[in-house]
There are 2 protein chains.
Amino acid sequence: MLPELKIQPLRYVVAVVDEGGFHAAARRLHRSQPALSMAIKELEQRLGEPLFEKAGKSRLTPFGAYCVPRFRELLTQHDRLSRDIVSRVERRAGHVDIAAVPSVASRLMPALLADFAAAHPGLHISLHDGNADFVRELVSRGEVDLALTSLWQHDERLSFAPLMHDAVGVVCRDDHRLAGRETLNWQELQGERLIRNGTSRLLEGTEAAPLLEQSAFFISNMISLTAMLDAGIGVTTLPRLAFPEEHRHLCFIPLSEPRVEREIGLLQPARRSLSPAAQAMAELIFERLLKS
Amino acid sequence: MLPELKIQPLRYVVAVVDEGGFHAAARRLHRSQPALSMAIKELEQRLGEPLFEKAGKSRLTPFGAYCVPRFRELLTQHDRLSRDIVSRVERRAGHVDIAAVPSVASRLMPALLADFAAAHPGLHISLHDGNADFVRELVSRGEVDLALTSLWQHDERLSFAPLMHDAVGVVCRDDHRLAGRETLNWQELQGERLIRNGTSRLLEGTEAAPLLEQSAFFISNMISLTAMLDAGIGVTTLPRLAFPEEHRHLCFIPLSEPRVEREIGLLQPARRSLSPAAQAMAELIFERLLKS
DNA sequence: ATAAAATGGTAAGATAGTCTTATCATCAGG
DNA sequence: CCTGATGATAAGACTATCTTACCATTTTAT
């Protein structure tokens, strides 16, 4: 029905007009002159109307004069599209949505994002944080390209690449009787007032599980939790990364018996590939965090 | 440098997305399924990034999801251009600038324009009129595609196609002594007060040239001229077409000795082709006026 | 559970498109 | 008149694109 215009012959026509001749245009396009002659002739009979006068040298017909500006327009749009796509592929443009649990978001992401921004100045990043369940939701709903989190249950539709282990320990005030200990056995905590938090379920299914029974409080908010600890109301367990190192009066003692760890890794939708920008982020994450 | 995107593979990609599969798309495009597979694979490695997930059936990658709307956009623009150009070639759009001497403009053009408008409802027409010299100028300056006029001197840069002969005759009031005569010999006009007008130079170089000597008036404006004739101030010579047939008191007597004619024809720039719309007009003009 | 049908990918060969080299006809300027 | 431009043409090499035939995998239906 309507003729299919190929990009290249349009480029030839425009080049002939700009350079003022077939020879000059051919030189600029690194083609032979007959290549242009033939391609343009083919285009002309596809359109059913000549673009150049047969007499005179490469002067446009009125019809050609009508067409050339439109050809230019289409070429411009083509080139813009081509450039846009290439810049995506080359990671000079695009954006990444990434999610992380709060501990990772505050302890690991700042350095990662700084490195990423330096390596890919054109890429935009959005960082979402929330607890592990929320993060998992973001990933499985596709609202996020990637996540740094720990995975609770295996999900066929998500793929998880472990990156590091994060040991759980006891957190207490620095004047607590246990403060200063190198390691702790879970039994030494019996009788302590344990404040549970979002990460406490890491103890489930371990020898230390009975501790959860003796706990009267559950606090999900980190600020509230540290305030409680600061006030000496009790102790809690936290993975190392989640421990607020900068807090003046709190200390962290790793649990040695049993050793409890969470596994931090990169979570992404399985059987779906990443955008080039997200791929760049994933590569950076592996490069920085997989050394352990 | 930047990759050349061919239109067709983009169309394939969009069709696969729209039809939800390679087979369905191939069916719609009247191609075999491997044709799409290969073309799209080629496009993907030209871009350096897959558009479709290799697993799963024809699901887009995030990169593909980025590209497809832009592909659609370019295809839309391509198709619009293609349609525009075809409608020009097929004379469903465009415009013609045409010039004519006043006699032609008023006597021939109305019917021509009506026929043209009926045959090509999409084409716009501008009609310019003026004396033969002005019309020639419009054509040679390219301000007009075509002209219906008579040509005084040959010009290498203009091409003139004769269409009809327009006999010169004497115009006088219907109570004039010569009124009612079938033909006239120039000598019968001796002693008459001759009013010259823009067409009087047709007599130059003919036997009747001496008449020009006995003429005291020159009037270029047709309205003024007819008013003078109407007032019985004198007689004039005019080509038949320029004679105001509708005037109640004027009559036209052809000159038979000598026969003097002007040649009306189609004037256009030589060695320049016409726009499709102008070509359509030229064709109509030949069809309607070349019968004589 | 197994057979049937549909998915897309791959290979080989035919066809069509596009390029290059070599050559030609025409025209402008010295 | 000749030289050096112009663009057009012809023949052949090369490349792109399509089709047929086939494969592996997944989905659907029995």
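**How chain A meets chain B**

Four salt bridges are found across the interface of chain A and chain B, a salt bridge being a side-chain nitrogen of Lys or Arg within 4 Å of a carboxyl oxygen of Asp or Glu. One of them joins A:Glu4 to B:Arg11, with the closest N and O atoms 3.3 Å apart. On the side of chain A that touches chain B, α1 (7-19) and α4 (62-89) each supply at least two residues; helices here are DSSP runs of H or I with at least four residues. The most comes from α4(A), with 20 residues.

This is a predicted model, in which local features need pLDDT of at least 70 and side-chain atom pairs count only at pLDDT 80 or more, while totals for chains, interfaces and linings use all residues. Residues are numbered from 1 along each chain as its sequence is written, and side-chain values use heavy atoms, leaving out hydrogens and water.

Let's step back to the whole contact. Chain A brings 39 residues to it and chain B brings 39 residues, where contact means heavy atoms within 4.5 Å. The area buried between the two chains is about 3,600 Å², and carbon and sulfur atoms give 62% of that; buried area is the accessible area (1.4 Å probe) lost when the two parts are put together, summed over both.

How do the copies relate?

Methods: Chains lettered and ligands numbered in written order.
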